[in-house]
Amino acid sequence: MLRLEFEGYFQMRMATDPDPTDEKRGVSGYTFALAGEPDFDGIIHFQPDEPGVCERAYGAKSKKDEGPRVGVTVRRATRDGQAVPDLTGARVAFLDAQVIEHNGILVRNDMFIIDPLRVRVSSSDGSRVLVDRSDWLNPADPKMAQWEATSAMLLRRQPKRFITNSPEVAAATGLSDPSNKTLIENRNERRVNLEELLNETEDPVECAALETRIEQLKIVEKWWDLSEGTWSERPIDRRAYTLALQLEGWDIDVNGPVHKDDLGGDKTRPWPLRFWFGGWDGDALCAYVRGSWDIMLS
Amino acid sequence: MAQEISSRAELIDALRLASELEHGLMAQYLFAAYSLKRYDYEGLKPEQLERVRRWASLITLVARQEMEHLGLALNLLSAIGGTPSFSRPNMPQRLDYYGEVKIKLTLTRCDEQTIERFQRFEAPDELVEPEPPGSKNPPKPVDQEKAGEWCSQRKGVGVTEVEKAIDAPPRSDLLKGAPHIDLLYGIPYSSVQELYQTIHLGFEKLSLKLGERNLFVGKPENQLYGGPQSPQHGTMNDLNQYGLDIISVTDLASAKQAVRMIVEQGEGVRVPPAYKPFTHFCIFTRIREEMKKYGLGQTAARAVVPNPMTVLQPDVCPEDEVSRITNTHTRAIAQLFNESYEVMLLLLLYLYSDQVKTRAETDALMDAAFFPFMTMFIRPLAEILTEIPAYKEKDEPGQAGPGFELSGDVILFPNLDQTWTLFQERLDSLVQGFGRVVSMGDPWLDLPGQRTDPAKPSQIWQRLDYLRQSMERLAADWSANWLNIGRSTEVL
């Protein structure tokens, strides 16, 4: 068995509740396609050069890298327990994948399905595909659309783990601990950095986008919720608490056709894929992924 | 002196009026928000679009909170044994429909005049210039300078001061109440704030007169609310999300709290400092100021016609304020919008009704009513309508919009089995309606921004087809097992 362990930040530019799933710019939720940015595509991008990626600035010139940067790579590879250093740094992608709920019509309560699911691993410079395999929602009918899938079929693509206040997510995304206080400090730091950036920005389009981001980052508490907490101590708002800490984990045995394989996989067997998404950052429109893919060898 | 509420029937009447008012305001706010421009092909610069999008976010927040107020009013009604109601007149209505309070019911695009009207709806009493009794003039806009000063005052106040403000008796110089058919007892009020003050005092007085236990005779399980105490806490259906805060009303203290929350949020009674910029009045004050400052008062919104209707509803007045939709495709979509809106109200009515419901049934109704209907059908259809022509003649300009038309009272069958059959029939009818609309063709390819890929249909057609798929899935799930919509697995 060849095990590829991968991780890194990915981007997912999509609308958030209560916007409709197909909202292209963002209105009622807290994610927006800002001035000068393309419409949302709703697609999971593991690599920074994928069409549709739109990475934002995080602060003044001196602090420009203080935020997520897209890039999911193999951090460790082992063949039957022995290290395979040549594969370290290989690029991982979920081609055209989306995290889907359809506002409760298909699934509910953040138990998102991932669809379509096609995993590709390429060389570290991206010039050569090493392995590429699809998963079928319904092996008996590979063309079946998600709209027609049964509950059991959707269940395979839904999370098996849902953890709030995850210390693993906090550590992976650079937070010292998974407390609300730390989250709020993190948001406030980002906001201060953006305010500095705004001061040194002249382009009116960039300024308009920054103003919206700063306005959103200012909302850290549920200001509207008068029946919870006290006036001086409000419950934390979803803009802040979803910045980190939540972890959703999927276990999917990839069962479909192998489009390319230079690693010697057994095409007749499923290849177990285990991963979590967490640390969703609504300002960066990024989150963190960590996982492994077990390629069963011939 | 003001007439006080002195019986349960009067209190029910006042709460039904409050529900109707909140419902009407919500529709007007949504109509305006959906009319705002969104895309780079609509003639605004990117930085202007960003500003306009922020306004849309704020107005939809206010509209959601009007839904919250409607929910609170229905909880108040249910708590004292009243029947929930989603009845309201179609729009437009004459200026004095609600008496001399002059709340104009009309659907207009989001321009400076519309925002002035909204700002006045939500204005605190002390910023409204009283008009002479009997005046036929439209109400004067709020003084923007004074409004700005009011909203910039960030001094925090305590709960006690808020209590005092709401507990204050209505003014003695009340104007004549609304000659409204539902308002049998002619509850006098000169503003929305004052109506709620009257209701607040009514609860206190009747609790003393009848005894608290005798006043609050409604079943607690009929209350819909959110937050940690709610059965729906932590799910999509938790009502205390997205700027909403709905509490359960079971006694005098919770009734007073519900009224206080409505007044605090909207009508501008004192609020905590962090809250003030988000009061409805201050939101509209800010938008009005920015519209003027950036010269967007007439250009931020699409050329949406006022009060677009599929038919001339018999209760509208004056008729010449109605815009009849004559474009065949547009009218079909507008009919679909109205039908979806009515089904959503039916689902809500059942939710608030006294019919026996298990927890699973309550959840299932919420699963269907809130996220799918509100977000996945009603809003997208409304947005589509503001992008497509209202009229069949090409030289007649103007886009349509959501008319929120009701063809009659929203009522349920008394029998439970018949009710489920009714829902299934209505969902099946919507499936057919969406099927018809997408099979009528794609006349929108030549509209701005619609042809993004030569091989694909227009953006509008694609969105309609997406809605069709969603409705088919919803109806099929309802038919197979209506208790399991979107719940292929439980939360682990």
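1. Ground rules. Residues are numbered from 1 along each chain as its sequence is written, and chains are lettered from A in the order in which they are written. As the model is predicted, local features need pLDDT of at least 70 and side-chain atom pairs count only at pLDDT 80 or more, while totals for chains, interfaces and linings use all residues.

2. The core. The largest nonpolar core has 208 residues, and B:Tyr29, B:Ala33, B:Leu347 and B:Ala369 have the most contacts inside it. Its top contributor is helix H2 of chain B (residues 46-79), with 17 residues. (A core here joins buried Ala, Val, Leu, Ile, Met, Phe, Trp, Tyr and Cys through C-beta atoms within 7 Å; buried is 20 or more other C-beta atoms within 10 Å, exposed 12 or fewer, partly exposed in between.)

3. B:Leu347. Skipping neighbours within four places in sequence, B:Leu347 touches B:Leu365, B:Ala368, B:Ala369 and B:Phe373 (contact: C-beta atoms, placed from the backbone, within 7 Å).

4. H2(B) against H9(B). H2(B) packs on helix H9 (residues 280-293) at about 160 degrees, axes 10 Å apart. That makes the two roughly antiparallel (the label for angles over 145 degrees). On the H2(B) side, B:Arg51, B:Trp55, B:Leu58, B:Val62 and B:Gln65 meet B:His280, B:Ile283, B:Ile287 and B:Glu290 of H9(B).

5. B:Asp446. This residue sits in the loop between helix H12 (416-439) and helix H13 (459-481) of chain B. Why is B:Asp446 classed as exposed? Because B:Asp446 has 8 C-beta neighbours inside 10 Å.

Conventions:
Helices (H or I, at least four residues) and strands (E, at least two) are DSSP runs, numbered from the N terminus. Two residues are in contact if their C-beta atoms, placed from the backbone, lie within 7 Å. Axes are lines fitted to C-alpha atoms, for helices over the stretch in contact, and angles run from 0 to 180 degrees between N-to-C directions. Angles under 35 degrees count as roughly parallel, over 145 as roughly antiparallel, 65 to 115 as roughly perpendicular and the rest as oblique.
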